[in-house]
Amino acid sequence: MEMDAGLWALEERKDSITVKGKHKKQLKCDTDSVAGCVSQRACVYCGARVVLNPITDAVHLVHGPIGCASYTWDIRGSLSSGSELYRNSFSTDLQEEDVIFGGEKKLARAINDLVEKCNPKLVFVYSTCIVGVIGDDLEAVCKAAAKKHDIEVIPVQSSGFIGNKAAGYRAACDALTRLIAPQKSVKMFRNRSINYLGDFNLAGEAWIIKNYIKQMGIDINVTFTGDSNYEALKKAPQASLNIIQCAGSMSYLAQKMQEQYEIPYIRVSFLGIEDTSESLRRIAEAFNDKEITRRTEKLIKNEIEKVRPTIEGYREKLSGSKAAVYVGGGFKAISLIKQFREIGIEVVMIGTQTGRQDEYDTINTLVDDGTVVLDDANPTELERFMVQKGANLLVGGVKERPLAYKLGVAFVDHNHDRKHPLSGFTGAVNFAREVYSTVCSPVWKFVQQGRQSL
Amino acid sequence: MKRDKANYRNVNENPCNMCMPMGGILPFKGVEQSMVILHGSQGCATYMRRHIAEHFNEPIDVASSALNEKGTVYGGEKNRKQGLDNLIKLYSPGIIGILTTCLAETIGEDIGRITSDYRNEHELHRLPIITVPTPGYGGSHTEGYWLAAKQIVSGLARQTPRHSKINIIVPHISPADIREIKRILDRMDIDFTLFPDFSDTLDRPFSKTYKKIPNGGTRIADIAAMPGAAATVQIGITIDDDLSPGRFLEREFGVPLYNVPIPTGLENMDLFMNVLTEITGSCMPLSLEQERGRLLDCMIDSHKYNFEGRSVIFGEPELVYAVAKTCMENGIFPVVAATGSKNAKLAELLTAEIDKYERQVVLLMDSDFDQIRQNSTSAGANIAIGHSDGRYLTEREGIPLVRLGFPIHDRVGGQRVLSVGYLGTTMLLDRVTNTLLENKYKNYRSSMYEQFYHNGHENNISGKILLSGTEG
Ligand code: SF4
Ligand code: SF4
């Protein structure tokens, strides 16, 4: 098939699309979305909310008009072992008069009401686009409220137009940095536990990893932020190591914690057998303890023995399929390439909403020649490249699913709403099964027949 | 009659409504070859697209002018012009809708002017561009829907010689509902223009080739000719006159307007049929007579089971009215009826109906799920009817939910839910009755055991339990 990558695309978009082995240019990423383009990107507020929402006993209050809160009510599959408070969507529901006269008073009253009703130790106040414009002083309102109720009220500067989802991650990390800072009077003792950054406990994923780490003889101090709570997060500075999974959202926090508390960090990934095993080994290495190493090797051996036959079975069925990938961050994209390789699938198109330059470089070294790599794609581009490259599977979020189905292509959900874990060895099996369930479904046979007879 | 009108609160806890531009997208999806661009931040468009796509299981392409910091400070004109350029290049639409979001309205964008400048510069006199000011804080998705519908009609309508068609204007109902209404009109040999018709565009059949803008939708020429129609039948008794496309056609062009409720429920559907026969002179065909007879049969078959139902109904005003009435007809007495919209007419209309049955119903306008939940438990509701967010009532209070309306995002088939006409009402009623039965069977062994064996006669059968039919 003729490769016309980008020839038909909009001029403004051409630098954000490359073909491995064909183009030498560096991919343009981390820029503003092009107007009129039907970008698949979410906003700053969305990024911040994703990161902070799993904190279970906090009040998450959206300061803005109703829509922003309405579209984000309990849509994520983060699980909790304790409080369920985080699953509510609170909004100041700004009205026209608030927009004209300012929303500070309403916000203060909203916090009062919520403190009385829910009795939280922690309140996050998210700013949305118009709050940035009408100029409400979030900082001041939060400070006054904190003082009045003697709890923590932390503003999250997530006005949507100051960047994209990645800026939201940063806003969330700023809020977290504030939250974990110990008061002067409190003395922190370092222990041998680790903090686990960048797992939101979707379908219990953080619990799976916690179990592995425990079997290795190490304790998880706190997870950022899956199934975490106020007390646990406050103890974050005690850990002796940070492991970070979702680098896009958490690198910034890890760096801050290294500066402020001298906690070193390593990057890990628990997606796929290969990454999971390697990550567990690297954690063990960091502790340099014979017993830990022995336990780790035993764990890896046992787990792999358990899942390998199943995964091999799927691999046989799936070998030779071609996947297109369009996900939020670069970390996920990189892991997916490896995971697909484990089950014999080649990635022919790959893109992200908010990947960074270094992540795209890694992607480029991992994929085969001819693979299309693109940043902040729109539906037109996704459609063209999927068809052109003969992909029979798309990995993406909710918005991409119907597009895949209309094209008669299999689909794997890789969003925050998933109901089955994709992490660790268990997750690797789930992933293979999900791919199998969609790629090898009998329905495609009829779809193809339909196409021929039409 | 309890009423909660002065419903001011500082916090909205678990919203029951979405925002204005989201509702405004939908009527545009019911016009042939149309595309929408939201003037504001990128994020809003993404959220709304996801919300709509999840319900309809269709790709929902909506562009955004992607206002950033610069645009916000110096005005968003450049973004919107570039946005329009790109939209036209990528989609070559036959009509464009421009909806504003909170941000564009707050920074005071004059979209009317920017649009006419754009049109002149590009000599785009033949491409209709319809602008709709829809700040999210200006109303709920319901008001957004009607305002967009009205702007489309007022933007496209042209003085037209009288013709024999009638206009049918539909509210936010499912594609399956729209198809059913068209089937009924066809059965009656009525010539009509139905607007907005998203029955194909938001529920397209699988086909050989993928089109970015799906086939279907009301033809632009047909909308333009609406002023020549013999009458308008508008399914929308709760809408404000300012937002009413039917009222516009009446005022500007003298097209007689008949406002009717959603034809769900026997009386509502009878009313719809009466209006149609009155306007067109055609009579009810035998096949529909029979469908009506089957609905009556269904109502009789289920009446005793239904009597145990105490319903909580929520969603868009128009739907709440039609469903509440259907419930009342069948003895599934509503105990709570709620909407997230600020709607003056709904409470009035419902009160009139409720008074006929001498019942107590808590009416919640401009409400949220926290209120709905509290009132449902205190009133002993045992069945909920409304969109997917009502799953909160199931999870927290064990009240089973019959999914109806928008959005249905935790089950498949939101676009295929049929509940209008005699046939659709029958199907809805069966779903409601079966949900009541399922819940009854699920609990009755353990609940009888608890009541009569375990607790002996301490927990005597109270009147409340018998009446409400609530289980243990
Ligand atoms: S309420 Fe306003 S800002 Fe929020 S999503 Fe809706 S249009 Fe956007
Ligand atoms: S207004 Fe801003 S914060 Fe709210 S959804 Fe839109 S882009 Fe996001």
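Predicted model: local features only at pLDDT ≥ 70, side-chain atom pairs only at ≥ 80, totals over all residues.
Helix α1 (residues 44-52) of chain A packs against helix α7 (residues 165-180) of chain A at an angle of about 45 degrees, and their axes are 6 Å apart. That angle makes α1(A) oblique to α7(A). The crossing of the two is right-handed. On the α1(A) side, the contact is made by Val44(A), Cys46(A), Gly47(A), Ala48(A), Val51(A) and Leu52(A), while α7(A) brings residues including Tyr169(A), Ala172(A) and Leu176(A). Sort the residues of this contact by class and you get 10 nonpolar, two polar and one charged.

Staying in chain A, have a look at Ser423(A), which sits in the loop between β14 (410-413) and α17. Is Ser423(A) buried or exposed? With a relative accessible area of 1%, Ser423(A) is buried, since anything under 20% counts that way. Leaving aside neighbours within four places in sequence, its contacts include Asp199(A), Glu205(A), Gln245(A) and Phe270(A). Ser423(A) is also 8.2 Å from Thr276(A), C-alpha to C-alpha, even though 147 residues separate them in sequence. In helix α17 (residues 424-439) of chain A you'll find Thr438(A). Thr438(A) is buried too, at a relative accessible area of 9%. Not counting residues up to four places away in sequence, Thr438(A) touches Leu393(A), Ala410(A), Phe411(A), Val412(A) and Trp444(A).

Most residues other than glycine have a negative phi, and most peptide bonds are trans. Asn201(A) lies in the loop between β6 (194-199) and α8 (205-215) of chain A, and at 0% relative accessibility it counts as buried. Asn288(A) has a positive phi as well, of about 45 degrees, and its place is the loop between α11 (273-287) and α12 (290-318) of chain A. Asn288(A), though, counts as exposed, at 71% relative accessibility. As for peptide bonds, a cis one joins Phe224(A) and Thr225(A), with omega about 0 degrees. Thr225(A) belongs to strand β7 (residues 220-225) of chain A.

Over in chain B there is a cis bond too, running from Phe195(B) to Pro196(B), with omega near -10 degrees. Pro196(B) is in the loop between β8 (192-195) and α9 (220-224) of chain B.

How far apart are the end C-alpha atoms of helix α8 (residues 175-187) of chain B? They are 18 Å apart, which agrees with the 18 Å its 13 residues should span at 1.5 Å a residue. Among the buried residues of α8(B) are Ile178(B), Ile181(B), Ile184(B) and Leu185(B), but also Asp177(B), Glu180(B) and Lys182(B). After α8(B) comes Asp189(B), with a positive phi near 55 degrees.

Definitions and conventions: Residues numbered from 1 in each chain as written. Chains lettered and ligands numbered in written order. Heavy atoms only, no water. Helix = DSSP H or I, 4+ residues; strand = E, 2+ residues; numbered from the N terminus. Expected span 1.5 Å × (residues − 1). Buried < 20%, exposed > 50% of the residue type's maximum accessible area, 1.4 Å probe, protein only. Axes fitted to C-alpha atoms, helices over the stretch in contact; angles between N-to-C directions. Parallel < 35°, antiparallel > 145°, perpendicular 65-115°, else oblique. Left-handed = near helix turned anticlockwise from the far one by under 90°. Contact = heavy atoms within 4.5 Å. Nonpolar A, V, L, I, M, F, W, Y, C, P; charged D, E, K, R; others polar.
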